[in-house]
Amino acid sequence: VLLILAAQVGILGERGVPAAVMVRANLERVLATARSAVHPPLIVHVRHCGGTGDVDEPGAPGHALALEPAPGEPVLDKRKNNAFAGTPLGTLVARDAELVVVGLQSDFCVRATCSAALGRGNSVLLIRGAHATYDREEIWAGGTVTPAQEVEAEIEAELEEAGVVLLEMSDLPALFAE
């Protein structure tokens, strides 16, 4: 299963995450590779529904998916970080399925969904360079800022410790092969 989290126009646009251009290109490569596989995986697009005034508020331009779903690819709307919470994702994805997770934001939706999938018994693979987040303001540390790239690395280490397998973009050619 390829799970594409919150790959939306607002977060991948001009005012999006710092690595938006690179991540969008990598997401496009991952999606194209999955679709062109001899036996394509189930591809699920998950769209975050932000609150009033958020860039991803339903109806706002930023809410639209940045990657066009193909016919037959489910699109699920979520309101929580965990894409399994309040959505039918758990009925679409078997508990013994292998999930390839990509998308946004590393420290919210990606972390929560990977953790929930591990808790369900899924094998989870996360591709470096195909997930991202914003710089993090450390309010209780005098307002210093942790760059997005460091936040992403922290999340990767945390998820790897929990049992997620980290892959590189260079692993992509073999990822969806039989």
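The expected span of a helix is 1.5 Å times one less than its number of residues. Keep that rule at hand for the second stop of this tour.

**Before you start**

You are looking at a predicted model, in which local features need pLDDT of at least 70, side-chain atom pairs count only at pLDDT 80 or more, and totals for chains, interfaces and linings use all residues. Residues are numbered from 1 along each chain as its sequence is written, and side-chain values use heavy atoms, with hydrogens and water left out.

**Stop 1: the whole chain**

Show the chain as a cartoon. Helices (H or I, at least four residues) and strands (E, at least two) are DSSP runs, numbered from the N terminus. Turn the model along its principal axes and the C-alpha trace spans about 50 × 35 × 30 Å.

Now switch to a surface. The chain exposes about 8,600 Å², and carbon and sulfur atoms supply 53% of it; such areas come from the Shrake-Rupley method with a 1.4 Å probe, and for residues only the protein chains shown count as cover. Buried residues make up 49% of the 178 residues, where buried means under 20% relative accessible area, exposed over 50%, and partly exposed in between (1.4 Å probe, protein chains only). Contact means heavy atoms within 4.5 Å. Among the contacts with a separation of 6 or more, 73% are between residues 24 or more positions apart.

**Stop 2: helix 4**

Select residues 106-120, which form helix 4. At 1.5 Å a residue, these 15 residues should span 21 Å, and the end C-alpha atoms are 20 Å apart, which agrees. Which residues of helix 4 are buried? Colour Ser-106, Asp-107, Cys-109, Val-110, Thr-113, Cys-114, Ala-116, Ala-117 and Arg-120 to see them. Then bring up their cover, which includes strand 1 (2-5), strand 3 (75-78), helix 3 (89-92), strand 4 (98-104), strand 5 (123-132) and helix 5 (148-162). Just after helix 4, Gly-121 takes a positive phi of about 105 degrees.

**Stop 3: Ile-11 and its surroundings**

Move to Ile-11, which sits in helix 1 (residues 9-12). Ile-11 counts as buried at 10% relative accessibility. Leaving aside neighbours within four places in sequence, Ile-11 is in contact with Ala-6, Gly-16, Val-17, Ala-20, Leu-104, Gln-105 and Tyr-134.

Most residues other than glycine have a negative phi, and most peptide bonds are trans. Ala-6 is not a glycine, yet has a positive phi of about 50 degrees. Ala-6 lies in the loop between strand 1 and helix 1 and is buried, with a relative accessible area of 6%. Leu-104 and Gln-105 are joined by a cis peptide bond, with omega about -20 degrees. Gln-105 belongs to the loop between strand 4 and helix 4.

**Stop 4**

Select Asn-26 in helix 2 (residues 20-35). Is Asn-26 buried or exposed? Asn-26 is buried, with a relative accessible area of 10%. Leaving aside neighbours within four places in sequence, Asn-26 is in contact with Gly-129, Ala-130 and Met-169.

Next comes Leu-172, found in helix 6 (residues 172-175) and buried at 3% relative accessibility. Not counting residues up to four places away in sequence, Leu-172 touches Arg-29, Val-30 and Thr-33.

**Stop 5**

Ala-97 is in the loop between helix 3 and strand 4 and counts as buried at 15% relative accessibility. Show Val-1, Asn-122 and Ser-123, which Ala-97 touches when residues up to four places away in sequence are not counted.

Finish at Glu-150 in helix 5, which is partly exposed at 46% relative accessibility. Glu-150 and Arg-136 are 14 residues apart in sequence and 9.3 Å apart in space, C-alpha to C-alpha.
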